[in-house]
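I opened my notebook on a structure that was new to me.

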Amino acid sequence: MRFRATVENVAIFCRIIQAVEKLQRKCIIKFTENEMHIICNDDANEGGIQVWSVVKVDSIFTNYRIQSNANNQITVALSTEALLSSLRSSSASASSTAAASSILPAYDADELVMKLAKKNDQAVLSFEMFGVSRSGRKVRVTHDVRIEVMRPAEVDKLREPLCPEPDVHILLPPLQKLRTIVERLRPLSDVLALRANNSGKLQMAISTDSVKVETQWIGCANPSLRQAQVGEEQNVDPEPTEKPDPEKVFSVLVSVRSFLKFLNSHVVSTTTIACICQNHCAILYVYIGEVADAGGVLTFYIPSVIED
């Protein structure tokens, strides 16, 4: 089993892990010959939210080499916090902090190599940073992240949530703006209503015995199911031949805290498409780059909240 790659786009890799780090302490990363899959599927997650992401290898890595007896696939479980820390420390700004400078001289990282290794009988994902110090000396810094290599039988049990065919697909406004609104709604209610129709209307609302608040957007794009799922296979039924009434509003109730965790992905999002399965779940596709030429997509599954 061998794996080695140069992390060419450290910023994007860092932002992807930052988006999932708030969700789960440990994640699963599956490396294949052409893709990297990042999975957060712990049932203990807030509101049952899950993430199944697919990132194209060439959008982040160069000199990518992988070899294993499992069809050249390697799947590992590791700490999201430790992985994020290793990626952050590869930047010059991270290594120039007062804490770091007390241990090693400030340096500019020219190259970050990620590889599979074993140290003291413990499997690790080793990050080697090569650079030059401010005094002109060559510097090599290594960060090791402990991992658990998953057996093929365990990997085969990984399954994305089964969802009914979405009733509506709608392009969301910038996630940072949504986050500001939902943050203000959080003290008022634990449950958020997400509503949309096929004529570009999007609504977010809360309703309690003491307060009712609704925010609405009009003129949002309604992409097709095929557009929403570009570049990946999803567990949904084929697109229907009959189009629904464009004015009919579909809704799902979700945990406000779960939705806020999804909104942490604003750090990587350029385009986000929401799919509503009436009273069942919300599926949210966060694209890395533009949809037509996306370097990958993070798919969030947020189950509905059943109110008494």
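I began with Arg195, which is partly exposed at a relative accessible area of 24%. The model is predicted, so every value here is computed from it. Which residue does Arg195 pair with in a salt bridge? I found Glu214, with the closest N and O atoms 3.2 Å apart. Glu214 is partly exposed too, at 48% relative accessibility. I then looked up where the two sit. Arg195 belongs to strand β11 (residues 191-196) and Glu214 to strand β13 (residues 212-217). The pair therefore ties together parts that are 19 residues apart in sequence.

**Other salt bridges**

I noted a network next: Lys115, Glu128 and Arg140 are joined by salt bridges that share partners. How many salt bridges does the structure hold? The count is 7. In general, side chains of opposite charge can pair when their charged atoms come close.

I checked two further pairs. Arg186 and Glu183 meet through their side chains at 3.0 Å, N to O. Arg186 counts as partly exposed at 41%. Glu183 is partly exposed as well, with 30%. In the other pair, Glu154 bridges to Arg151, and their closest N and O atoms are 3.7 Å apart. Glu154 is partly exposed at 32%. Arg151 is exposed at 55%.

**Cysteines**

I turned to sulfur. How many disulfides are there? I found 0. A disulfide needs the two sulfur atoms within 2.5 Å. Is Cys275 buried or exposed? Cys275 counts as buried, at 1% relative accessibility. I also looked up Cys14, which is buried with a relative accessible area of 12%.

**The largest nonpolar core**

I moved to the interior. Nonpolar side chains tend to be buried together in soluble globular proteins. The largest nonpolar core here has 75 residues. Which members touch the most others? They are Phe3, Phe61, Phe259 and Phe262. Helix α1 (residues 10-21) gives the most to this core, with 7 residues. Both domains take part: at least three residues come from each of domain 1 (2-156) and domain 2 (168-225 + 245-303).

I followed Phe259 in detail. Beyond its neighbours within four places in sequence, Phe259 is in contact with Val182, Leu192, Leu194, Met204, Val254, Leu284 and Ile302.

Where does Ile39 sit? Its place is in strand β3 (residues 35-40). Ile39 is buried, with a relative accessible area of 5%.

I listed the contacts of Ile39 next. Setting aside its neighbours within four places in sequence, they are Cys27, Ile28, Val51, Trp52 and Leu158. Leu158 is 119 residues from Ile39 along the chain, and their C-alpha atoms are separated by 9.2 Å.

Notes: Residues are numbered from 1 along each chain as its sequence is written. This is a predicted model: local features need pLDDT of at least 70, side-chain atom pairs count only at pLDDT 80 or more; totals for chains, interfaces and linings use all residues. Side-chain values use heavy atoms; hydrogens and water are left out. Helices (H or I, at least four residues) and strands (E, at least two) are DSSP runs, numbered from the N terminus. Buried means under 20% relative accessible area, exposed over 50%, partly exposed in between (1.4 Å probe, protein chains only). Contact means heavy atoms within 4.5 Å. A nonpolar core is a set of buried Ala, Val, Leu, Ile, Met, Phe, Trp, Tyr and Cys residues joined through side-chain atoms within 4.5 Å. Domain bounds come from an automatic or database domain assignment. A salt bridge is a side-chain nitrogen of Lys or Arg within 4 Å of a carboxyl oxygen of Asp or Glu.
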